[in-house]
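Open the model in your viewer and keep the selection tool at hand. The tour goes stop by stop.

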Amino acid sequence: MAINNDEQATWVGVTPIKDNEWGITVAGADLYNGVSGIVFFLTYLGALTGDTAYTKRARQALQTLRQHMAQLSLHAETFPIGAFSGWGSLIYLLSHLGSLWSDRTLLYEAEQLVETIRPYITQDTHFDIIAGSAGCIAALLSLYAVHPSQQVLGGALVCGQHLLDQAQVMPEGVGWQMIPETPPLSGFSHGASGIALSLCRLATASGETRFCQLAQAALAYERSLFSPELQNWLDVRDLKQPATPIPPDMRTMTAWCHGATGIGLVRFALREFLEDATIAEEACIALKTTMKTGFGWNHSLCHGDLGNLETVLTASQSLDDLEYHQQLEKRTEQLLSSIEKTGWVTSAPCGTETPGLMTGLAGIGYELLRLAEPQRIPSLLLLSPPIA
């Protein structure tokens, strides 16, 4: 699907433009549906298989990405800072490329981007993993893991301080309002879980416990949105529904982006940072809800079966329980059978074939790599750093 010459490569795909609207566009710079995400997949595919054709295409696309970066730098303040749709995308990608290709110049290039965006961190109004400070923290700490520069850690600390300054005290805990006239959200991509995980990682990297305390307050708020009846966390967005609206106290999703799947993934990850029996209990609740209602949709990462399967994989790695290993094998077999029967079904309208990472083919391919070699392929959905 690449449009390429000897020096560059790019792609055209189906991309979300507004709420409930999609368009055919040339891939942008971001990790979510842009060139960064496709390069990320092709680089790992080349590294794992040894097939240089994938690596060659990734290097061509990196040249295209540098053109995007040159244009973005002219108005750096208008591009978000998050890990999936902002400057964090580029920093996260370069941290992995530099490690996989043993090329420290890419790590220094990423470090320079930290200095580019540092003046704009306090202007961030997204706060979340996708476009905001929490995602920027994750990207910077990925770079810090392979290039432990105080400049990089300092940028992450500015993001953490910004989240601390902008936290809103709620009846229970704290939250960050991202949508006007809408309460702070739960979940991984735009909500409390993703922010809490980044804050805990920052606390560990910096030794500053105030970030861990803020994370615990974010989790307290998210717990206030848990529905025992639904065994899931409420989605408080003002979603446009068809003729029969869903009552606000019944709206939930089971996906990486919103709802039990992403929240469960975070809870398993938080076991490394927090000793809290409630976190372990929530992880098991989220996992059971994911296995019950999270499959049979499409094959994408953001809100599809492969994204949901990452939580089952993480559970099988975290818990010494044969049931979760059996569930992983069962769900993987079902998913592969589905792909063989229907082909790849993306989360674009009508399952249209599109190349992007979080809604398209690159993400489907990446998670299949992770299922094949989980010890060698890091968890993209947790924004994990390169595996040494």
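Is Arg223 buried, exposed or partly exposed? Arg223 is partly exposed, with a relative accessible area of 25%. The cut-offs are under 20% for buried and over 50% for exposed, with partly exposed in between (1.4 Å probe, protein chains only).

Before moving on, note the ground rules. This is a predicted model: local features need pLDDT of at least 70, side-chain atom pairs count only at pLDDT 80 or more, and totals for chains, interfaces and linings use all residues. Residues are numbered from 1 along each chain as its sequence is written, and side-chain values use heavy atoms, leaving out hydrogens and water.

**Stop 1: around Arg223**

A salt bridge here is a side-chain nitrogen of Lys or Arg within 4 Å of a carboxyl oxygen of Asp or Glu. Glu282 sits in helix 10 and Arg223 in helix 8, so this pair ties together parts 59 residues apart in sequence. Helices (H or I, at least four residues) and strands (E, at least two) are DSSP runs, numbered from the N terminus. Glu282 is buried, at a relative accessible area of 7%.

Asp276 is in the loop between helix 9 and helix 10 (277–293), while Arg223 is in helix 8 (residues 209–223), so the pair ties together parts 53 residues apart in sequence. Asp276 is partly exposed, at 28% relative accessibility.

Glu222, Arg223, Arg267, Asp276 and Glu282 are linked in a salt-bridge network. The whole structure has eight salt bridges.

**Stop 2: Arg237**

Select Arg237, in the loop between strand 8 (232–233) and helix 9 (260–270). Arg237 is buried, with a relative accessible area of 19%. Show Asp235, which is buried too. Their side chains meet in a salt bridge of 2.5 Å, N to O. Next, show His258. Contacts (heavy atoms within 4.5 Å) of Arg237 include Ile179, Leu185, Met253 and His258.

**Stop 3**

Finish with Val26, in strand 4 (residues 21–26). Val26 is exposed, with a relative accessible area of 53%.

Technical notes. Lists of a residue's contacts leave out its neighbours within four places in sequence.
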